[in-house]
Amino acid sequence: MSIKQTQAWQKLSDMKKKLVKEPLSVGDGLQVKTDKIIFDYSRQLVNENVMAALMQLAEEAGLKSKIESMFCGQKINVTENRAVLHTALRNLSGGPVLVDGRDVMPEIKAVLQKIKGFSSRIHSGEIKGITGKPLKNIVAIGIGGSYLGPEYLAEACAPYTVSGMKLSFISNVDGTDFARKTASLDPETALFVIVSKTFTTAETMKNASTAKKWMISKLGADPNVIKKHFIAVSTAADKVKAFGIDPENMFGFWDFVGGRFSATSAVGGVPLSLYLGYDNFHKILEGANWMDVHYRTAPLSENIPVISALLDIWNINFMGFKTRAILPYSQAYSKYAPHCQQTEMESNGKSVLIDGTPVDFDTGEIVFGEPGTNGQHSFYQLIHQGTTPVPADFIGFLKPQYNVGQEDVITHHDELMTNFFAQPDALAFGQDSNDPHKKFSGKRPSNIFLLKEQDPFSAGLMLALLEHRVATKGFVWGLNSFDQFGVELGKKLGLDIRRRMELFKKDQKDPSVYAGLNNSTAKLLKLYLSGELYS
Ligand code: F6P
């Protein structure tokens, strides 16, 4: 049954009609306080009745039992027949987690031990490159979920780096990415980490094989060059071996960890432990676990991922606001929005319910963002005065990462935070004016998330908050948030174009190069292959 058929949905539709006429009142009640994070949603266009109806919606959707099914390892990713257990990756002091009757915790702990041992032997210099130099330049090659989460965490935790260690990411198949990241890379101190769950992703395999050629051209064709300068994170041991990587240097994970939910597996664990040290990676796991426990145990009405997800549903399905801005007032969180983009949109950009029937309401939302205050000088004009409100998440911290300008009365961090406090109120309350150009309507909803430190623990907590907020929306809407068939068609057509390019390169006159293509694509491809825009 569609969630639209529930009593709560009907109630919410009726409430919306009345509520738009009411002024926004910022009350004390619309806040969740914990000792790690404060979530203030008092600037949302809701009142207590709406919140009660949203909670009823969650009950009618069976949210609690769906959350429990996820944590317990049931195969809730039904289209791929998989459990969804990224939470087990950080269940370090918890009990067994069973998949098909098998406890997965010993394997998870074994991989963590392996990461710990390997990273500490790199840091101590016990493991060296082929010429005997220490491996200090880590280059992670991966894309999508095998890149975005780790990059967000690496950026957010950069001051916690192990001295001398550097980490860069190559994701785009555009050779510019490879060329720039390797331009000043010292091959003798470089360690490539090939991160790919499937070890088949076209972009990653192309970058990995280019890296292999690059390394051979620099240090020679001895197979030990690849063995000493390449390691892998994957679920595909045979393919890793075929690439030339020592199977001992492969770090595994499991099909119950989806790509975009894999940052706390070896996908993030290996590059981040090399860069930040295992202990700091462990703190990321602790932060994520803190949020997991909160999500699983807090009552729905005090549950941060649940409330934030229900407010998203309210904004999307009832208020008609289908985009959301993610605005961390933190330069360290500059890669949070790109990670949110994948997690939100690859998970919930779906048009059918879990049983395959078409949805009859909007799902998913377009999320985007920039760190404050950069965004203020970019797209905030539209957020403040555009025709459709864009709900916004303001994320701020009590403490800066760097004490810059401490001698001033108003430090850099204070300066940043003046904006953090001002912007949500400008959106919420607006400004009247006789000049229509200077009017601000107000009643533009936002959330505030306030944390203490920009440290690995907080970074892990915010990662898990995102994961659970996304899952909650899928659970309430009745979607499968854990597959991603929508990315397949473009890949398939890309392979067909690749085949045509190969034909052309063998024989430029081969008529089958363009056969069966539509006119537009045939003409454009012809131009590309001719190398002239006006040929
Ligand atoms: O874009 C599709 C996708 O399958 C993502 O879901 C995934 O995170 C990414 O490609 C990378 O996949 P892999 O880790 O297998 O290389």
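These legends accompany several close-up views of the structure shown above.

**About the model.** The structure is a predicted model, in which local features need pLDDT of at least 70, side-chain atom pairs count only at pLDDT 80 or more, and totals for chains, interfaces and linings use all residues. Residues are numbered from 1 along each chain as its sequence is written, and side-chain values use heavy atoms, with hydrogens and water left out.

**View 1. Helix α10 is enclosed by the rest of the structure**. Helices here are DSSP runs of H or I with at least four residues, strands are runs of E with at least two, and both are numbered from the N terminus. Eleven of the eleven residues of α10 (residues 266–276) are buried, so this helix is largely enclosed. Buried means under 20% relative accessible area, exposed means over 50%, and partly exposed lies in between (1.4 Å probe, protein chains only). Among the buried residues are P271, S273 and Y275. Just after α10, look for G277, which takes a positive phi of about 95°.

**View 2. R90 and D292 form a salt bridge**. A salt bridge is a side-chain nitrogen of Lys or Arg within 4 Å of a carboxyl oxygen of Asp or Glu. In this one, the closest N and O atoms are 2.7 Å apart. The pair links distant parts of the chain, 202 residues apart: R90 sits in the loop between α3 (63–71) and β3 (98–99), and D292 in helix α11 (residues 278–297). R90 counts as buried because its relative accessibility is 1%, and D292 counts as buried at 2%. A search of the whole structure finds 30 salt bridges.

View 3. An α-helix has 3.6 residues a turn, so residues three or four places apart point the same way. K181 counts as partly exposed at 32% relative accessibility, whereas D177 counts as buried at 13%.

**View 4. E344 and R324 join helix α13 to strand β10**. Their salt bridge has its closest N and O atoms 2.8 Å apart. The pair links distant parts of the chain, with E344 in α13 (residues 336–348) and R324 in β10 (residues 323–328), 20 residues apart. E344 counts as buried at 3% relative accessibility, and R324 is buried with a relative accessible area of 3%. Both E344 and R324 belong to a network of salt bridges that also links D312, E365, D393, R469 and K473.

**View 5. Helix α12 holds N317 and I304**. N317 is found in α12 (residues 304–319) and counts as buried at 17% relative accessibility. The side chain of N317 reaches the backbone oxygen of D362 at 2.8 Å. I304 also lies in α12, and it counts as buried at 0% relative accessibility. If you zoom out, I304 and Y534 are 56 Å apart in space, C-alpha to C-alpha, and 230 residues apart in sequence.

**View 6. E407, D408, D414 and E415 form a negative surface patch**. Patches are made of residues with over 30% relative accessible area and no salt bridge, with like charges joined within 9 Å and nonpolar side chains (Val, Leu, Ile, Met, Phe, Trp, Tyr) within 5 Å. E407 is placed in the loop between β12 (392–397) and α15 (412–429), and it counts as exposed at 68% relative accessibility.

Conventions
Areas by Shrake-Rupley, 256 points an atom, 1.4 Å probe, with all protein chains shown as cover. Lys, Arg positive; Asp, Glu negative; His and termini not counted. Charge placed at Lys NZ, Arg CZ, Asp CG, Glu CD. Polar contact = N/O pair within 3.5 Å; in protein donor to acceptor, adjacent residues only side chain to side chain.
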